[in-house]
Amino acid sequence: MSTRIVVPRPRVIDRSRLSYIRLRSASPLQVPRPRLIDRSQLIYLTLGKVPQARKINPAHVHYLRPEPSVLEKNILSPETPGTENFEPFAITPQLEQEADRRIAQYPDDQKRSAVLPLLHEVQHRFGFISPESIDWVAQKLDIAPIKVVEVVTFYPGFRQKAPGKLHFRVCRTLSCAMGGSYELMAKICELTGIDRGSADTHKDPISVSPCGKFSVEYAECLASCGTAPVCLVNDDFHEGVLPEKAQELIAQYNG
Ligand code: FES
């Protein structure tokens with residue numbers, strides 16, 4: 001007995017139906033165009049009500065800042081009425097040349113020893129040691145800026161803010177104190193309109209007059225105890241300056 005397998009005949013394909021899935025058909029599929037998305041609706045669909053970004057009050061920003069660094073704490077703001085007496089710090093070819101000459105006086109592996117000459121050069125040219133000049137000196141000597149700050153804050157001869165055109169340094173060590181240096185300081189301040197206020201600290205010793213012409217600070221023993229009281233006006237040394245001579249002293253420079 002033979003079994004006959006019935007194989008269905010392939011169906012005839014209706015080509016007109018194929019046209020629905022072909023791209024270039026006589027009657028293309030009706031695919032709906034994507035709708036434009038309303039972004040404001042998206043917020044509701046995804047996150048719910050999103051509050052408006054609040055404006056930041058700059059006065060509150062300091063709450064977000066970390067504590068000031070040691071460097072920031074030790075660098076004073078140089079702005080005083082005397083700032084206009086000096087050129088702002090700038091790295092000029094002359095300054096670079098002079099710095100390189102000074103650095104070359106030390107062995108290559110000891111060039112950090114040039115920190116004092118470089119700081120003197122900066123103060124001589126620009127009147128005081130600004131934060132920018134500290135960075136520059138540190139970079140010239142391949143040392144951290146805090147190392148330069150340590151030197152600047154150790155030696156009272158280096159100023160971190162702009163003095164007046166006439167800078168008075170009055171000795172207040174024992175002989176001069178007994179000879180009347182505190183009274184001399186008070187007299188100079190009275191005559192120049194300087195308010196010492198709370199400026200008499202180790203960190204911020206200089207007080208400047210409102211006009212920016214005069215400034216004062218106390219100094220320790222200026223090595224002339226026998227002729228007390230003594231003081232420096234810029235780089236000029238004056239001995240036996242009793243308080244009643246203060247006016248005469250100022251007049252010498254203020255003519
Ligand atoms: S105490 Fe003033 S010069 Fe020495």
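## Where helix 5 meets helix 7

Helix 5 and helix 7 pack with their axes 11 Å apart and at an angle of about 70°. The two helices are therefore roughly perpendicular to each other, a label that covers angles from 65 to 115 degrees. The crossing of helix 5 with helix 7 is right-handed. Please keep in mind, as you look at this pair and at the rest, that the model is predicted.

Which residues make this meeting? From helix 5 come Val115, Leu116 and Leu119, and from helix 7 come Val148, Val151 and Val152. Sorted by class, the contact of helix 5 with helix 7 has six nonpolar residues, no polar ones and no charged ones.

## The chain as a whole

Stepping back, you will find ten helices and five strands in the protein chain. The chain has 255 residues, and buried residues make up 25% of them. Among contacts between residues at least 6 apart in sequence, 62% join residues at least 24 apart.

## Around helix 6

Helix 6 spans residues 131–141, and its buried residues are Ser133, Ile134, Trp136, Val137, Ala138 and Lys140. What covers them? The cover includes helix 4 (93–103), helix 5 (115–126) and helix 7 (145–154). Just after helix 6, Asp142 takes a positive phi of about 55°.

Helix 4 also holds Asp100.

## Helix 9 against helix 10

On the helix 9 side, the contact is made by Leu184, Lys187, Ile188, Leu191 and Thr192, and on the helix 10 side by Ala246, Gln247 and Ile250. By class, the residues in this contact of helix 9 with helix 10 are five nonpolar, two polar and one charged.

## Two nonpolar cores

The largest nonpolar core has 19 residues, and Val170, Leu184, Val230 and Cys231 have the most contacts inside it. Two or more residues of this core come from each of strand 1 (166–171), helix 9, strand 3 and helix 10. Which element gives the most to this core? Strand 1 does, with four residues.

Leu184 is a handy place to look around. Leaving aside residues up to four places away in sequence, Leu184 touches Val170, Pro229, Cys231, Val241, Pro243 and Ala246. A second, separate core has 16 residues, including Ala114, Val115, Trp136 and Val152.

## A cysteine in a loop

Where is Cys225? Cys225 sits in the loop between strand 3 (214–219) and strand 4 (231–233). Cys225 is partly exposed, because 16 other C-beta atoms lie within 10 Å, while 20 or more would count as buried and 12 or fewer as exposed.

Cys225 and Cys176 are 49 residues apart along the chain, and their C-alpha atoms are separated by 6.7 Å.

How values were computed:
Residues numbered from 1 in each chain as written. Predicted model: local features only at pLDDT ≥ 70, side-chain atom pairs only at ≥ 80, totals over all residues. Contact = placed C-beta atoms within 7 Å. Nonpolar A, V, L, I, M, F, W, Y, C, P; charged D, E, K, R; others polar. Core = buried A, V, L, I, M, F, W, Y, C linked by C-beta atoms within 7 Å. Axes fitted to C-alpha atoms, helices over the stretch in contact; angles between N-to-C directions. Parallel < 35°, antiparallel > 145°, perpendicular 65-115°, else oblique. Left-handed = near helix turned anticlockwise from the far one by under 90°.
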